[in-house]
Structures are given as structure tokens and as C-alpha cells.
Amino acid sequence: MEKSIPVPTFTERAKERLYEAWDAWKPGYEDWIAWSNELYAPDALMIAMDGDTPELFRDYQAKMKHFRDQFDMKMGVIDRCVAADGVTAHTYKMSMTPKGQGEDQTIVIPVTEFNHFGIVPGYDKPMVVKLELVTADGV
């Protein structure tokens, strides 16, 4: 009798992809650019820093330079993550310390992300095609 090998569902692959990416995250802006290019589709919609206004991934990357020039950023571990229908929802804490300031000036922000994954031609892994990022204080 031949054994069958279970094949992960797309949603399971998306969740694994998120954790792989999270483990590879680096704090520097140039490193983040390379990292984000491997997770987000080139035409992904980002709903993040401007509330409900979607923007293209490349515009989001450019805006992040402003924040990275002003703050040292750290992403905490994923506290919780659920996945359904190709969407992952996870929570974590992001730490932002103004450049040149001590750790006592660090701001810790609870974050929830909804990452909508899709199949993007030219990539062999699920890619985020839409990000919805929500913070406790609207940052």
C-alpha cells in the first residue's frame, strides 16, 4: 500500500510563510527593504500609517524611510496568529526608540496585522497582496 504525503493547504502555507518572514526580519531600513520585497507582492495594497487609505507597496516602503530615520524599530514576537481563507491575523508589540535617545524613551505599540496572501506570478511562495495594520494608538 502506497502512503500519501499530506499537502499543506494554501492557508497553512501562508501562515508558515508569515512565521518564516518574521524570523528573518532585520531592523535596518535597507535590510527591511530586502525583507519586505520577499514578503509583499510588488503591487500589494497597504492600509497602515494613513488609516483607511490604501497605498501601493512601493509608496509604503518610501514612507517607512521617514520612520526609520527617526526611530530604531524592533518587532516583538508574534503573540497570537490565526489563519483562514488565505488571511493571517497576528498580534505583536512594536518598539520604537527615538534615534539617539535611551531605552527609557522607547514607545511600545500593540499591533494587529491582517495579511491577505495570494499567488503572485514569478514567486514560489505565497505573497502578501494586501496588508491591514492596526495599532492601539493609530500610529
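I began with the aromatics, where ring pairs join Y29, W32 and Y60 into a cluster. My rule for a pair: ring centres of Phe, Tyr and Trp (its six-membered ring) within 6.5 Å, called stacked with planes under 30 degrees apart, edge-to-face over 60 and tilted for the rest. By that rule I get five aromatic pairs. One of these is Y40 with F57, a tilted pair at 5.4 Å centre to centre and 40° between the planes. This pair links distant parts of the chain, with Y40 in strand β1 (residues 40-47) and F57 in helix α3 (residues 57-70), 17 residues apart. Elements are DSSP runs numbered from the N terminus: helices are H or I of at least four residues, strands E of at least two.

I also checked K65, which lies over the face of Y29 at 5.5 Å from the ring centre. For that I want NZ of Lys or CZ of Arg within 6 Å of the ring centre and within 35 degrees of the ring normal.

A note on the source: this is a predicted model, so I keep local features to pLDDT of at least 70 and side-chain atom pairs to 80 or more, while totals for chains, interfaces and linings use all residues. Residues are numbered from 1 along each chain as its sequence is written, and side-chain values use heavy atoms, without hydrogens or water.

**Buried or exposed?**

I call a residue buried under 20% relative accessible area, exposed over 50% and partly exposed in between (1.4 Å probe, protein chains only). Y40 is buried because its relative accessibility is 5%, and F57 is buried because its value is 4%.

**The cavity**

I found one cavity of 30 Å³ or more. A cavity here is a set of points on a 1 Å grid over the protein atoms alone where a 1.4 Å probe fits but cannot get out; lining residues have an atom within 4 Å of a point.

Which residues lie nearest its centre? They are Y60, M64, M73, M94 and L133, out of 20 lining residues. Helix α3 gives the largest share of the lining, four residues.

**A136**

A136 is in the segment after β7, and it counts as exposed because its relative accessible area is 64%. Leaving out residues up to four places away in sequence, A136 touches I109 and P110, where contact means heavy atoms within 4.5 Å.

Technical notes: On a 1 Å grid over the protein atoms alone, a cavity is a set of points where a 1.4 Å probe fits but cannot get out, and a pocket is an open set with protein on both sides within 12 Å along at least five of seven lines; lining residues have an atom within 4 Å of a point. Grid points are joined across faces, edges and corners, and a volume is the space filled by probe spheres set on the points.
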